[in-house]
Amino acid sequence: MENRKGKFITFEGPEGSGKSTQIRLLAEYLSSKDYKIELLREPGGTEIGEKVRAILLDVKFDRMSSFCELYLYLAARAQLIEEKIIPFLNEGKVVFCDRFIDATIAYQVCGSGVAPDFVDGFQKFVAAGLTPRLTILLDIDVETGLKRAASSHPQDRLEKKDVIYHQRVREGYLELAKKNPKRIKVVSSLASIEDVQKKIRGLIADVFK
Ligand SMILES: Nc1ncnc2c1ncn2[C@@H]1O[C@H](COP(=O)(O)OP(=O)(O)OP(=O)(O)O)[C@@H](O)[C@H]1O
Ligand SMILES: [Mg+2]
């Protein structure tokens, strides 16, 4: 489905790739240009979603099944789509989301080995084909990303998974970018925060002209 009146842009990438940093800088920049930006994050972004997020990230649940994890992510997303994303887009707003559907493919399908069919069904019946207009994929090697994440906050349940898992996630993301070159733009996060931001501003210029 087309993005209705508004613009839907997502930010993806492995742990510690700079999503939160870059999304904030970009939102500040565009707000200064009088754009009204709605910032959302996954899992979360709604009252229900934030509660689901707390379960998903809780290190206590180190034996959570892959399917439990998948359905919790999808549950939070279903609420976010209905309560926030669709109404905002219908009002013509710009919606930035820190992670969305690509994260489920990268983490649950490529990382944990869940069959993609489970995600396809959600896309068809719940998201009704809602697709970001543009996705910025911040790419970083696993070691650097996990180090950066560790320096900024205590490790969450996902970050505690082994390095091989995180490598599958990164490769899953890059594979998605290869398959969707028009929508997903890869930006290396090895450069400085300022240089990465410059690249992103260049990439979104098309959407805001
Ligand atoms: N280009 C960069 N160079 C050096 N440090 C960076 C860069 N981008 C972000 N950082 C730092 O890395 C840490 C993680 O960044 P950030 O929280 O934005 O990543 P994230 O992708 O949102 O992580 P998470 O997956 O944990 O949500 C922060 O301390 C941030 O300041
Ligand atoms: Mg973040």
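**View 1. Strands β2 and β3 of the predicted model run parallel and are joined by five bridges.** In this pairing, Leu40 stands opposite Cys97 in β3. Two strands count as paired if DSSP finds at least two bridges between them, and helices (H or I, at least four residues) and strands (E, at least two) are DSSP runs numbered from the N terminus. Because this is a predicted model, local features need pLDDT of at least 70 and side-chain atom pairs count only at pLDDT 80 or more, while totals for chains, interfaces and linings use all residues. Residues are numbered from 1 along each chain as its sequence is written, chains are lettered from A and ligands numbered from 1 in the order in which they are written, and side-chain values use heavy atoms, with hydrogens and water left out.

**View 2. Strand β3 is mostly covered, with five of its five residues buried.** Buried here means under 20% relative accessible area, exposed over 50%, and partly exposed in between, with a 1.4 Å probe and protein chains only. Val94, Phe96 and Asp98 point one way from the strand, whereas Val95 and Cys97 point the other way, and all are buried.

**View 3. The open sheet is formed by five strands in the order β2-β3-β1-β4-β5, with parallel pairing.** β2 (37-41) and β5 (184-188) stand at the edges, each with a single partner strand, so one side of each is left without a neighbour in the sheet. Neighbouring strands are turned by 20 degrees against each other on average, direction ignored; axes are lines fitted to C-alpha atoms, for helices over the stretch in contact, and angles run from 0 to 180 degrees between N-to-C directions. Strand β1 (residues 7-12) pairs with strand β4 (residues 134-139) in the parallel sense over four bridges, and Ile9 stands opposite Leu134 in β4. Helix α3 (residues 66-90) lies across β1, β2 and β3 (94-98) and runs at about 160 degrees to β2.

**View 4. Helix α4 is largely enclosed by the rest of the structure, because ten of its eleven residues are buried.** Among these buried residues are Ile101, Ile105, Tyr107 and Val109. The cover over the buried residues of α4 includes β1, α3, α5 (117-125), β4, α7 (163-179) and β5, where contact means heavy atoms within 4.5 Å. α4 is followed by Gly113, whose phi is positive, near 85 degrees.

**View 5. Gln108, in helix α4 (residues 101-111), is buried with a relative accessible area of 2%.** The side chains of Gln108 and Glu69 are joined by a polar contact of 2.6 Å, a polar contact being a pair of N or O atoms within 3.5 Å; within protein, one must be able to donate a hydrogen and the other to accept it, and residues adjacent in sequence count only if both atoms are side-chain atoms. Not counting residues up to four places away in sequence, Gln108 touches Glu69, Leu70, Tyr73, Ala103, Gly113 and Val114.

**View 6. Ligand 1 is surrounded by 16 residues, of which the closest are Gly18, Lys19, Ser20, Thr21 and Ala191.** A residue is near the ligand if one of its heavy atoms lies within 4 Å of it. An oxygen atom of ligand 1 is 2.9 Å from a polar backbone atom of Gly18, and an oxygen atom of the ligand is 2.4 Å from an N or O atom in the side chain of Thr21.
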